[in-house]
Amino acid sequence: MSRLDSVIRRLTAQRVCLGYVADLIATVPGPVLELGLGNGRTYDHLREILPEREIFAFDAQVTAHPNSMPDHDHLILGDFSARFPMP
Ligand SMILES: C[S@@+](CC[C@H](N)C(=O)[O-])C[C@H]1O[C@@H](n2cnc3c(N)ncnc32)[C@H](O)[C@@H]1O
């Protein structure tokens, strides 16, 4: 498989997973949490497919594209492992 096909497959899987999760939480009230804003690609997609939902994004640092940046009240900076300890 070429590297191009590999990237296309990975990003397609990412989009399918986000759509699947959006369907799963359709009847679950409350905000959506993005753990790992990164460059903001996922955040940008989430706000497109979940336009009615409040979305909070977490990251240790700000590296998102300016067009994919949450506003100040929806960006939580710092190590999220302290807030969301993994088992
Ligand atoms: C792969 S990137 C996220 C990609 C992004 N969701 C996208 O595709 O648009 C992972 C991000 O998680 C952040 N991250 C990883 N572990 C973290 C932690 N314990 N606390 C805060 N941020 C963390 C990193 O700084 C990085 O920006």
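This is a predicted model: local features need pLDDT of at least 70, side-chain atom pairs count only at pLDDT 80 or more; totals for chains, interfaces and linings use all residues.
On the side of the ligand's oxygen atoms, a polar side-chain atom of D59 lies 2.6 Å from one of them. For nitrogen, a polar side-chain atom of D79 lies 2.8 Å from a nitrogen atom of the ligand, while F80 contributes through its backbone, with an N or O atom 2.9 Å from a nitrogen atom of the ligand. The ligand on its own has 610 Å² of accessible area, and the protein covers 64% of that area.

Turning to the aromatic rings, the structure holds 1 aromatic pair. The ring centres of F58 and F84 are 5.2 Å apart and their planes stand at 85 degrees, so the pair is edge-to-face, because planes over 60 degrees apart are counted in that way. The pair links distant parts of the chain, since F58 belongs to strand β2 (residues 55-59) and F84 to the segment after β3 (75-77), the two being 26 residues apart.

The two partners can also be placed by their accessibility. F58 has 7% relative accessibility and therefore counts as buried, the cut-off for that class being under 20%. F84, at 25% relative accessibility, counts as partly exposed.

How values were computed:
Residues are numbered from 1 along each chain as its sequence is written. Side-chain values use heavy atoms; hydrogens and water are left out. Rings of Phe, Tyr and Trp (its six-membered ring) pair if their centres lie within 6.5 Å; planes under 30 degrees apart count as stacked, over 60 as edge-to-face and the rest as tilted. Helices (H or I, at least four residues) and strands (E, at least two) are DSSP runs, numbered from the N terminus. Buried means under 20% relative accessible area, exposed over 50%, partly exposed in between (1.4 Å probe, protein chains only). A polar contact is a pair of N or O atoms within 3.5 Å; within protein, one must be able to donate a hydrogen and the other to accept it, and residues adjacent in sequence count only if both atoms are side-chain atoms. Accessible areas come from the Shrake-Rupley method with a 1.4 Å probe; for residues, only the protein chains shown count as cover.
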